[in-house]
Amino acid sequence: MEEISQNSQTSLDFNSNILKPNNENDLQEIIRYCYKKDLPIEIIGTGTKNEIGKKFQSAKTLDMSNISGIIEYKPEELYITVKAGTPIKNVQDELKKNNQYLAFEPINFSEIFKKSSNEGTVGGTLSCNFSGSRRFKVGSARDHILGFKGYNGKGEK
């Protein structure tokens, strides 16, 4: 197996159990490293869905909280582009400035799991496709996505 060398542009510590990329290049490098080392990865944002299902056994945790932010927002076109680790609350707050809201209803598990009110991140919402009680009328989160960019398990686009 080919060893992945760390270059001077990244500050990743591959010896840590929690890997926290700062940009897409770091993210891709982490995925490639874990693939080549045959290390299972758990992906987290704010951790709002950790209590759902069986506990995941992984060698590394990929913390997406630094891959966050609104890239582009065009209120007149009802169009917003965000990064995967962006909290849903941040998106909703930005939309409210223009009297807008998400077309789907994000679900909040805080009452069920007795945690602080938090709907999680855009990436977690889309990956789980959880939506609230209005799902039957307005659709789920994935019904309102025009496109996304992602990487497969080998770190390829």
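1. At 13% relative accessibility, Gln28 counts as buried, where buried means under 20% relative accessible area, exposed over 50% and partly exposed in between (1.4 Å probe, protein chains only). Gln28 belongs to helix 1; helices (H or I, at least four residues) and strands (E, at least two) are DSSP runs, numbered from the N terminus. Its side chain reaches the backbone oxygen of Gly155 at 2.9 Å. A polar contact is a pair of N or O atoms within 3.5 Å; within protein, one must be able to donate a hydrogen and the other to accept it, and residues adjacent in sequence count only if both atoms are side-chain atoms. Neighbours within four places in sequence aside, Gln28 is in contact (heavy atoms within 4.5 Å) with Tyr151, Gly155 and Lys157.

2. Basis of the note. This is a predicted model, in which local features need pLDDT of at least 70 and side-chain atom pairs count only at pLDDT 80 or more, while totals for chains, interfaces and linings use all residues. Residues are numbered from 1 along each chain as its sequence is written, and side-chain values use heavy atoms, with hydrogens and water left out.

3. Confidence. The pLDDT (the predictor's confidence in each residue, from 0 to 100) averages 88 over the protein chain, and 92% of the residues score at least 70.

4. Helix 1. The 13 residues of helix 1 reach 18 Å from first C-alpha to last, close to the 18 Å expected at 1.5 Å a residue; the expected span is 1.5 Å times one less than the number of residues. At its start, a side-chain oxygen of Asn23 comes to within 3.0 Å of the backbone nitrogen of Asn25. Just after the helix, Asp38 takes a positive phi of about 60°. The buried residues of helix 1 include Asp26 and Glu29 as well as Ile30 and Ile31, and its buried residues pack against strand 1 (18-19), strand 2 (41-44) and strand 3 (60-63).

5. Nonpolar cores. A nonpolar core is a set of buried Ala, Val, Leu, Ile, Met, Phe, Trp, Tyr and Cys residues joined through side-chain atoms within 4.5 Å. The largest has 12 residues, among them Leu12, Phe14, Ile30, Cys34, Leu62 and Tyr151. Helix 1 (residues 24-36) supplies the largest share of this core, 5 residues. Apart from it lies another core, of 8 residues, including Tyr73, Leu95, Phe104 and Val122. Neighbours within four places in sequence aside, Ile30 is in contact with Leu12, Phe14, Leu19, Lys20, Pro21 and Leu62.

6. Cysteines. With a disulfide taken as a pair of cysteine sulfur atoms within 2.5 Å, the count comes to 0. Cys34 is in no disulfide, and the nearest cysteine sulfur, that of Cys128, is 20 Å away. Cys34 counts as buried at 1% relative accessibility, whereas Cys128 counts as partly exposed at 34%.

7. Thr86. This residue lies in the loop between strand 5 (79-82) and helix 2 (88-96). Thr86 counts as buried because its relative accessibility is 1%. The side chain of Thr86 reaches the backbone oxygen of Lys83 at 2.8 Å. Neighbours within four places in sequence aside, the contacts of Thr86 are Ile67, Ser68, Gly69, Val91, Gly120, Thr121 and Val122.
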